[in-house]
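Reader: I have a model open and would like to go through it with you. Can we take it piece by piece?
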Amino acid sequence: MNKLVHYFERNAKFIIVLILFLFSVALIFLPKPPKNLNDWILILNNIGFNLLGAVIAFLVFQVIVEGINKLGEQRGVKIDALNKDDFIKKVIKSKNTVRIMETWTDLLSSNQFLTTFSDAIEASVRNNNTIFEILLLNPEDTYLVKRRQEDLSNNEDVEINIYRSISTIQKILQNLGNMGKNFQVKLYSRNPSLAIYMNDDDLFLTFFRANLNTSQGEQLKLPRNSTIGTFIIEEMFYEIWEDTKNTKDLNNIVFYCININNKLYDVKYIFQENVFYIQSSDLTTDSINNNIFQDTIIEVDDQQYKLTPEAKRKEDLPLRVQELFDNKYPTTEDIFFELIKLR
């Protein structure tokens, strides 16, 4: 009974319209009357035609109103800032693709959010088979990093925050194991005009502002499946996501494969001031056992580098390099080598 009442309340006006429609049709098609009632039947027929016209006009008006309402929804609403706690709660329940496009995201770099967001990602992937697609600025694009750093003044360290995000991502991938294929991250060397956060229900858009982290500024909140939302994802997000020239897979930023005496080493690295600072347990072992690095020349991205034979401890590295290593990788060992660019 309650369901019937609820159905009637939700559809009352259309039920009434249906009754009026049937009544108007009945009036129009009244059987031929006796002569003495002919005038009354004609009056009822006219009432039926007029009532039918009113019903049709009402239905057309409702279609127009519904169209206007949907258009209003697609335009979205303005909110003061992204509610990160609410976004994380929705991520846990997400069953569709979650997307983020940012310089970096506090959800992965800030101690306030990274644990709860990491747990939400892992739970959503394991329980709902959710796909995550995340685009962050390539920290090795020194020009774009410098530009964003100038925009933010001294409020944030752009390079460090991107590397913190990358470090958290590595931990998530390790925890997910084989399900890590659902958690996809790329680094872009482009200059997008909008930052994007998207969960199952909503799409949040904002501009990259001066002196303000994007998630802290005003956002336009749109329905995920709105026309505008679909356009933003298909024409803006995926244009960068699928740009093989200017967008790199995460693994190409985390590790670099170098060839030394026909042996390949996947090394952790930081590039600063024309020097690659590299670290690999296999590299350390071979250097101790074989002393193979004297005057070794290595080609990286069509440039030649000389591998210094002397190993260095972490405290011997420049302070900035130490800081970048600490933030880029969850763990590192204590022995490092240098690849110095040949001029």
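Predicted model: local features only at pLDDT ≥ 70, side-chain atom pairs only at ≥ 80, totals over all residues.

Reader: Where does Gln 303 lie, in which strand?
Author: Gln 303 belongs to strand E13, which covers residues 303-307.

Reader: And what is Gln 303 in contact with, leaving aside its neighbours within four places in sequence?
Author: Ile 298 and Lys 341.

Reader: Changing topic. How many helices and strands does the protein chain have?
Author: The count is 11 helices and 15 strands. The chain has 343 residues, and 43% of them are buried.

Reader: What share of the contacts with a separation of 6 or more comes from residues 24 or more positions apart?
Author: Such residues account for 70% of those contacts in the protein chain.

Reader: On to the sheet. In what order do the 8 strands of the open sheet come?
Author: The order is E1-E7-E6-E5-E2-E3-E4-E8, and the pairing is mixed. Strand E1 (77-79) and strand E8 (247-249) are the edge strands, each pairing on one side only. From one strand to the next, the twist averages 25°.

Reader: Do E1 and E7 pair in the parallel or the antiparallel sense, and over how many bridges?
Author: E1 pairs with strand E7 (residues 219-223) in the antiparallel sense, over 3 bridges. Among the bridge partners, Val 77 goes with Lys 221, and Lys 78 with Leu 220.

Reader: How many bridges join E6 to E7?
Author: E6 and E7 run antiparallel and are joined by 4 bridges. Asp 202 stands opposite Pro 223 of E7.

Reader: Which strands does helix H3 lie across?
Author: H3, residues 84-93, lies across strand E2 (98-101), strand E3 (132-137), strand E5 (194-198) and strand E6 (202-207). Relative to E2, the helix runs at about 140°.

Reader: Now helices against helices. At roughly what angle do the axes of H5 and H7 cross?
Author: Roughly 35°, with the axes of H5 (residues 114-128) and H7 (residues 158-176) coming within 10 Å. The crossing is right-handed.

Reader: Which residues in H5 and H7 meet?
Author: H5 brings Leu 114, Ser 118, Ile 121, Glu 122, Val 125 and Arg 126, while H7 brings Thr 168, Ile 172, Asn 175 and Leu 176. By class, that contact has 5 nonpolar, 3 polar and 2 charged residues.

Reader: Last topic. In the largest nonpolar core, which residues touch the most other members?
Author: Phe 87, Phe 117, Phe 183 and Ile 278, out of the 76 residues in that core. H7 gives the largest share of the core, 8 residues.

Reader: What is Phe 117 in contact with, beyond its neighbours within four places in sequence?
Author: Phe 117 is in contact with Phe 87, Ile 88, Val 91, Ile 100, Leu 107 and Leu 108.

Key. Residues numbered from 1 in each chain as written. Heavy atoms only, no water. Pairing = 2+ DSSP bridges. Helix = DSSP H or I, 4+ residues; strand = E, 2+ residues; numbered from the N terminus. Axes fitted to C-alpha atoms, helices over the stretch in contact; angles between N-to-C directions. Contact = heavy atoms within 4.5 Å. Left-handed = near helix turned anticlockwise from the far one by under 90°. Nonpolar A, V, L, I, M, F, W, Y, C, P; charged D, E, K, R; others polar. Core = buried A, V, L, I, M, F, W, Y, C linked by side-chain atoms within 4.5 Å. Buried < 20%, exposed > 50% of the residue type's maximum accessible area, 1.4 Å probe, protein only.
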